[in-house]
Structure formats: structure tokens, C-alpha cells
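Please read it alongside the sequence and coordinates shown next.

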Amino acid sequence: METTLLDVGTVAEVTKKRKFVVEHEGTAVLVFAHEGAVYAFANMCIHRDRELLKGTVFNGKLVCPGHQWAFDLDSGHEAVKDEWQPTFPVTITDDRVLVDVTNPKPPCRP
Ligand code: FES
């Protein structure tokens, strides 16, 4: 499969915006900076499709505003429910933040 790296801005731009959503082929991807790292998650919660853009980061987890499922920042794992929110690999090259939108783990629901 071909890889698509989406350039979402410089590290400084992403850090300043804090949280934002980019669209790629029908998938909304939430990008956010937290404590010096950048993360990318599928924006629509796997539970009941609430927007994680409106969630908060707490104790190393992204907490959904819907019913407070808490997804690990690195893996997307929800420990209580043992479910995974899709996350996308993020790399930083020459100060640009690149999101591999072709390769969510686990794959997004159709
Ligand atoms: S919609 Fe996210 S926890 Fe229910």
C-alpha cells in the first residue's frame, strides 16, 4: 500500500494551535501537541462517534467528552473497556510534522 504523509505544519505551528482536525479521504484526523510530543488520533470516538477534538488530555490519556473513555496517548488503548481508538504514526522531519494517514492502528471503521 502506498503511504500518504500529510504535512500538518511546523512543530511551532502545531504546538501553537494545540488541537485541530485535518480531513483525509473521509477520515477526520485529530492532531494535537502535548508535553513536547505530537499525536494523531481518529477524531470520531469508537464508542458513540463524539468528537475527540472536544476532549481533554489527562494523566497521559485522551479523554472523550461523551462518556469519558480514556485512550492512552501512545497506543490509543482504553484500559477499562479493552478497546482501541485508531491512532496514526507521526514523524517530524526538518521541523515539519508529518502524519501517516494511510496507516492507522488499528484500522478505522469503514
Ligand atoms: S462517545 Fe466517546 S466515550 Fe462515548
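**Overall fold**

Residues 24 or more positions apart account for 36% of the contacts in the protein chain with a separation of 6 or more, where a contact means C-beta atoms, placed from the backbone, within 7 Å. This is a predicted model: local features need pLDDT of at least 70 and side-chain atom pairs count only at pLDDT 80 or more, while totals for chains, interfaces and linings use all residues. Residues are numbered from 1 along each chain as its sequence is written.

- The protein chain has 1 helix and 11 strands, taken as DSSP runs numbered from the N terminus (helices: H or I, at least four residues; strands: E, at least two).
- Read from the N terminus, the order of elements is β-α-β-β-β-β-β-β-β-β-β-β.
- The radius of gyration of the protein chain is 13 Å, which agrees with the value near 13 Å for a compact globule of 110 residues; it is taken over C-alpha atoms, and the globule rule is 2.2 Å times the number of residues to the power 0.38.
- Along the principal axes, the C-alpha atoms fill a box of roughly 40 × 30 × 20 Å.
- Of the 110 residues, 30% count as buried, that is, with 20 or more other C-beta atoms within 10 Å of their own C-beta atom, placed from the backbone (exposed: 12 or fewer; partly exposed: in between).

- Glu23 has Ala28 of strand 3 as its bridge partner.
- The hairpin of strand 2 and strand 3 has 2 residues between the strands, and Glu25 there takes a positive phi near 45°.
- Strand 3 is also joined to strand 4 (residues 37-42) by 6 bridges, again antiparallel, with Leu30 opposite Phe41 in strand 4.
- Strand 3 and strand 4 form a hairpin with 2 residues between them, and Glu35 in the turn has a positive phi of about 50°.

**The 1-11-10 sheet**

- An open sheet of 3 strands has the order 1-11-10, with antiparallel pairing.
- Its edge strands, each pairing on one side only, are strand 1 (5-10) and strand 10 (90-93).
- Neighbouring strands of this sheet are turned by 30° against each other on average, direction ignored; axes are lines fitted to C-alpha atoms, for helices over the stretch in contact, and angles run from 0 to 180 degrees between N-to-C directions.
- Strand 10 pairs with strand 11 (residues 96-100) in the antiparallel sense over 4 bridges.
- Val90 has Val99 of strand 11 as its bridge partner, and Ile92 stands opposite Val97.
- Asp94 takes a positive phi near 50° in the hairpin of strand 10 and strand 11, which has 2 residues between the strands.

**Nonpolar core**

- The largest nonpolar core has 24 residues, of which Val29, Leu30, Val31, Ala40, Phe41 and Val99 touch the most other members; such a core is a set of buried Ala, Val, Leu, Ile, Met, Phe, Trp, Tyr and Cys residues joined through C-beta atoms within 7 Å.
- Strand 3, strand 4, strand 7 (70-72) and strand 11 give two or more residues to this core, and strand 3 gives the most, with 5 residues.
- Leaving aside neighbours within four places in sequence, Val99 is in contact with Leu5, Leu6, Val8, Val29, Val31, Ala40, Phe88 and Val90.

Notes. Pairing = 2+ DSSP bridges. Contact = placed C-beta atoms within 7 Å.
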